[in-house]
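Dear colleague,

Please find the structure below, with its sequence. My notes on pockets, cavities and helix packing follow it.

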Amino acid sequence: MSEKILIIGACGQIGSELTYKLREIYGNKNVIASDINYNNVELVNSGTFEIIDAMDYASLKICCEKHNIDTVYLMAAILSATGEKYPMKAWDLNMQSLFHVLNLAKGKAIKKIFWPSSIAVFGPTTPKNNTPQRTVMEPTTVYGITKQVGERWCEYYHEKYNVDVRSIRYPGLISWKTLPGGGTTDYAVEIYHEALKKESYECFLSEKTALPMMYMDDAIDATVKLMTAKEEDVKIRSSYNLAGISFTPDEIANSIRKEIPNFKISYQPDFRQSIADTWPSSIDDTEAQQDWNWKHQFDLDAITKEMLTNLKEKNKTS
């Protein structure tokens, strides 16, 4: 019998691509997409879709019962930059939605949970290079605080109630399919759009700000790998470090110039710079490699080629 999956926050940057991938694997009828509105028309029309407010426990429970859901992917969240503008809203959404799903699993309404964490759990006192799996965490953003607290609760529910919850600390994610959702690493998506549109980009981070990044295909691949791993192989129940590559705005600009020689970049750091300064420059994900055979595929030049080629095609048809 095939797994029945509910994706909460399916219209977001990660949620939308994850929905398509899981439908490819498990079949359209076994993957229920949900979000708070119908904004992503293409995704809404691609299969079963439910309007769900992640803050509403009753509607989540009803949906899980209605569709006989086994596994929930909780992708709804307010990200780092937006969270600094609306701190209490970010705290309420990010924490309440997690508790609702953890309690559904505790009550045996569902069997398995995926909940994304982030490199935002780290802070200025964390070792910046090759940040280890277990280290100092003193996040300085509301988003980072919700993710750190969430990790502790995930581990707690696993230890106390045997909840099968699995998590990844995502780095910055790069995708041509969806626009970024209010994070500090959004520049690494915006830059490709602007390179094609204007052959120039004004970056909100400084040129030497190195951050861990990953192509979306790698992130989706990692998520599926973790969720299909044997339960006994998932040894970390807070959240796994996940690394792809690390680069600076200067390096991504140089990569773009290999395809668009006249591309120019300028720098006007804003409030997001102070967030980026607290995050790691590179991540050690040895334990993900060992426990469930994680390995990224895309380097920076491969990402640049993929982004520019696919965005050109998308612009032609839109």
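The second largest pocket is lined by E17, Y20, K21, E24, K177, D217, I220 and D221. Here a pocket is an open set of points on a 1 Å grid over the protein atoms alone, with protein on both sides within 12 Å along at least five of seven lines, and lining residues have an atom within 4 Å of a point. The volume of this second largest pocket is about 230 Å³, a volume being the space filled by probe spheres set on the points, which are joined across faces, edges and corners. Helices α1 (13–26) and α8 (216–228) each supply at least two residues of the lining, and α1 gives the largest share, four residues. By class, the lining has six charged, two nonpolar and no polar residues; Ala, Val, Leu, Ile, Met, Phe, Trp, Tyr, Cys and Pro count as nonpolar, Asp, Glu, Lys and Arg as charged, and the others, Gly among them, as polar.

The model is predicted: local features need pLDDT of at least 70, side-chain atom pairs count only at pLDDT 80 or more, and totals for chains, interfaces and linings use all residues. Residues are numbered from 1 along each chain as its sequence is written, and side-chain values use heavy atoms, with hydrogens and water left out.

The structure holds one cavity of 30 Å³ or more, a cavity being a set of points where a 1.4 Å probe fits but cannot get out. The largest cavity contains about 30 Å³ of space. Its lining consists of L74, A76, A77, N94, S97, W115 and K147, that is, four nonpolar, two polar and one charged.

Turning to the helices (DSSP runs of H or I, at least four residues, numbered from the N terminus), the axes of α7 (residues 187–198) and α12 (residues 300–317) come within 10 Å and cross at roughly 55 degrees. Axes are lines fitted to C-alpha atoms over the stretch in contact, and angles run from 0 to 180 degrees between N-to-C directions. In α7, V189, Y192, H193 and L196 meet residues of α12 including L300, I303 and T304, contact meaning heavy atoms within 4.5 Å.

The axes of α9 (residues 249–257) and α12 come within 9 Å and cross at roughly 60 degrees. The contact involves E251, I252, S255 and I256 of α9 with L300, D301 and T304 of α12.

With kind regards
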